[in-house]
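I opened my notebook beside the viewer today and wrote down what I looked up, in order.

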Amino acid sequence: MTYKTGKNIAVAYLLWACGCFGFCGIHRFYLGKPVTGVLWFFSGGLCFVGQFIDLFLIPDMVESNNREVQIFLPKDNGFGPLHLSQQVLEKIDRLEKKVQDTFRPPQKKETSPFIKLIEAASQQQRILSLAQAMMITGLEAPEVEKLLQDGMKSGIVHIGNDPETGAVRYYFDI
C-alpha cells in the first residue's frame with residue numbers, strides 16, 4: 001500500500017542548506033532516499049559536488065516524492081560533466097530503490113469484509129447482528145446486508161431471530 005507524503009520544498013531546501021555546515025545529505029533522508037543520504041553524509045555530499053547538483057534536483061525530488069512516482073531526469077544527448085552526473089545519479093536512484101524494496105517489510109494483504117465477518121462470528125458463537133457486522137467491516141448497512149445476502153446464497157449464513165428478544169440475527173455455518 002502506498003501513500004502520499006506531502007513533502008515541502010522549503011523544508012527540503014532548508015535541510016539542503018545544512019550541508020554548508022557539514023551535514024550533507026539530510027535533505028535526501030527527508031525525501032525518502034536514505035541510501036544516498038548516508039552516502040552524501042559520509043562523503044561530504046560527494047565532495048560537495050552532489051550536494052551542489054541537488055540544489056537543482058530538489059524540486060523534482062519533492063514532486064516525485066509527492067506524486068509517488070520515481071522520476072528520472074531527461075537524458076541529455078550531449079556529453080560532459082552534467083550528462084555524466086545525470087547518469088550516475090539515475091543509477092544511484094535505481095540502486096537505492098532496489099535496496100529499499102529489498103528491506104521493506106512485506107505488505108499484509110487486506111482481509112476482505114466477508115472474511116472479517118466470518119472471523120468475528122467464530123468468536124461470537126457464530127452469531128452476529130447487523131450492527132455488529134457494520135462495526136466489524138466498517139461498511140454501511142446496505143453494503144453489509146449485501147455481503148450477508150451473498151453469504152446466504154452460498155450457504156454460509158442463515159438468518160433467524162434471537163429466541164429471547166426476537167431481534168434479527170445472522171447465523172454462520174462455520
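Predicted model: local features only at pLDDT ≥ 70, side-chain atom pairs only at ≥ 80, totals over all residues.

**Entry 1: helix 3**

I began with helix 3, where I found a kink of about 85 degrees centred on Phe41.

Next I checked the end-to-end length of helix 3. Its 14 residues should span 20 Å at 1.5 Å a residue, and the C-alpha atoms at its ends are 18 Å apart, which agrees.

Which residues of helix 3 are buried? I noted Thr36, Gly37, Trp40 and Gly45.

Then I looked at the end of the helix. Cys47 belongs to helix 3 and has a positive phi of about 55 degrees, although Cys47 is not a glycine. Cys47 is also exposed, with a relative accessible area of 68%. Just after helix 3 comes Phe48, and I wrote down a positive phi there too, of about 70 degrees. As a reminder to myself, most residues other than glycine have a negative phi.

**Entry 2: another positive phi**

I also stopped at Arg126, which is not a glycine and has a positive phi near 65 degrees. Where does Arg126 lie? I found Arg126 in the loop between helix 6 (113-123) and strand 1 (127-128). Arg126 counts as partly exposed, at 44% relative accessibility.

Phe23 sits in the loop between helix 1 (9-17) and helix 2. With a relative accessible area of 46%, Phe23 is partly exposed.

**Entry 3: salt bridges**

Side chains of opposite charge can pair when their charged atoms come close, and I wanted to see where that happens here. How many salt bridges does a search of the whole structure find? The search gives three.

I took Asp54 and Arg28 to start with. They form a salt bridge, with 2.9 Å between the closest N and O atoms. Asp54 is in helix 4 (residues 49-67) and Arg28 is in helix 2 (residues 26-30), so this pair ties together parts that are 26 residues apart in sequence.

I moved on to Asp150 and Lys146, which form a salt bridge whose closest N and O atoms are 3.3 Å apart. Both residues lie in helix 8 (residues 141-153), four residues apart, and I noted that this is about one turn of the helix. Asp150 is partly exposed, with a relative accessible area of 32%. Lys146 is partly exposed too, with a value of 49%.

The remaining pair on my list was Asp162 with Arg169, where the closest N and O atoms of the salt bridge are 3.8 Å apart.

**Entry 4: Ile9 and its contacts**

I went to helix 1 and picked Ile9, which lies in that helix. What does Ile9 touch, leaving aside residues up to four places away in sequence? I listed Ile58, Pro59 and Val62. Ile9 still counts as partly exposed, at 36% relative accessibility.

**Entry 5: the whole protein**

I closed with the overall numbers. The protein has eight helices and three strands, and from the N terminus on the elements run α-α-α-α-α-α-β-α-α-β-β. Of its 174 residues, 30% count as buried. The accessible surface comes to about 11500 Å², and 64% of that belongs to carbon and sulfur atoms. Among contacts between residues at least 6 apart in sequence, 48% join residues at least 24 apart.

Notes
Residues numbered from 1 in each chain as written. Heavy atoms only, no water. Salt bridge = Lys/Arg side-chain N within 4 Å of Asp/Glu carboxyl O. Helix = DSSP H or I, 4+ residues; strand = E, 2+ residues; numbered from the N terminus. Buried < 20%, exposed > 50% of the residue type's maximum accessible area, 1.4 Å probe, protein only. Expected span 1.5 Å × (residues − 1). Bend = angle between axes of the 7 residues up to and from the residue. Contact = heavy atoms within 4.5 Å. Areas by Shrake-Rupley, 256 points an atom, 1.4 Å probe, with all protein chains shown as cover.
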